[in-house]
Amino acid sequence: DLGGWVIEAACAQLAQWREAGVAPPVLAVNLSVQQLRDVQLVPMLRRLLERHRLTPQSLAFEISETALTDEDSQQRLHELSELGVGLTLDDFGTGNTSLANLRRHPVQAVKIDRSFVDRLEADAEAAMVAGTIIVMAHSLDKQVIAEGVETAGQLEFLRDRRCDLAQGYYMARPLSVQDMTAMLLGQRANREQERSLASG
C-alpha cells in the first residue's frame, strides 16, 4: 500500500540523516483517513521505528479535519498519541472543527491553511482569521504552523503574532532528497563554524 510505503521511506530517510548527523528534530508525514482506519497502522509503525532505531517523537503525522470526526479513525489517533508520535491538524480553518473537538483529541499542532496565508497582506478578514487561529490554538496549548508562506510580509505578520513555525516557498522550494541532504549538511557546517568562532 502506498501510504505504508511512504511511512517506511520516511523512516528510512530519517535514519540515514541521523547516521550522517544532520537529521531534523521532527519529520512530518501526511496520513490519510483510510490509513487511520487500519488497525495494523500502529503495530506497523512500531516495527518501523524499531527497525530504523527511531524515537516516536521524531515523527509527526499530518491529518485532515475529517479524521477528528471519523469514528474509525479516532481510536487510532489516541493509539498514535500514546505511542508518542506528534499529530498535526492540517488545513485548519477550512472545515468544521469545533474548539471542543480540537480540545478532545490528542493533536499537538494546527496548520493555518494557505488560503488565509495567501491573503494576509491584502485581505483584512483573512489576516484577522489567521491571527485568531494563532491566539485560539495557543490558548489550547497547541503549536501553530503557517503553510504557504511566500513573501517577507507574510512571514513578518506571522512573527508579530507569535506563530510558532512557517513553511513555504519563501523559505525553500520543494527539494529532492539529494538537495535536502546537501542543505542539511551545509547547515551543520555553518553551526560548526559558528561554534569554532565562538570558542576561539
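**Close-up views of a predicted model**

**View 1. Cysteine 163 and cysteine 11 are both buried**. Cysteine 163 counts as buried at 13% relative accessibility; buried means under 20% relative accessible area, exposed over 50%, and partly exposed in between, with a 1.4 Å probe and protein chains only. Cysteine 11 has a relative accessible area of 0%. The structure holds zero disulfides, a disulfide being a pair of cysteine sulfur atoms within 2.5 Å.

The model is predicted: local features need pLDDT of at least 70, side-chain atom pairs count only at pLDDT 80 or more, and totals for chains, interfaces and linings use all residues. Residues are numbered from 1 along each chain as its sequence is written, and side-chain values use heavy atoms, leaving out hydrogens and water.

**View 2. Leucine 80 sits in the largest nonpolar core**. Such a core is a set of buried Ala, Val, Leu, Ile, Met, Phe, Trp, Tyr and Cys residues joined through side-chain atoms within 4.5 Å. Beyond neighbours within four places in sequence, leucine 80 is in contact (heavy atoms within 4.5 Å) with residues including Leu31, Leu36, Phe61 and Leu87.

**View 3. Helix α9 spans residues 152-160**. Helices (H or I, at least four residues) and strands (E, at least two) are DSSP runs, numbered from the N terminus. Gln154, Leu155, Phe157 and Leu158 are buried. Arg159 and Asp160 are exposed on the face turned away.
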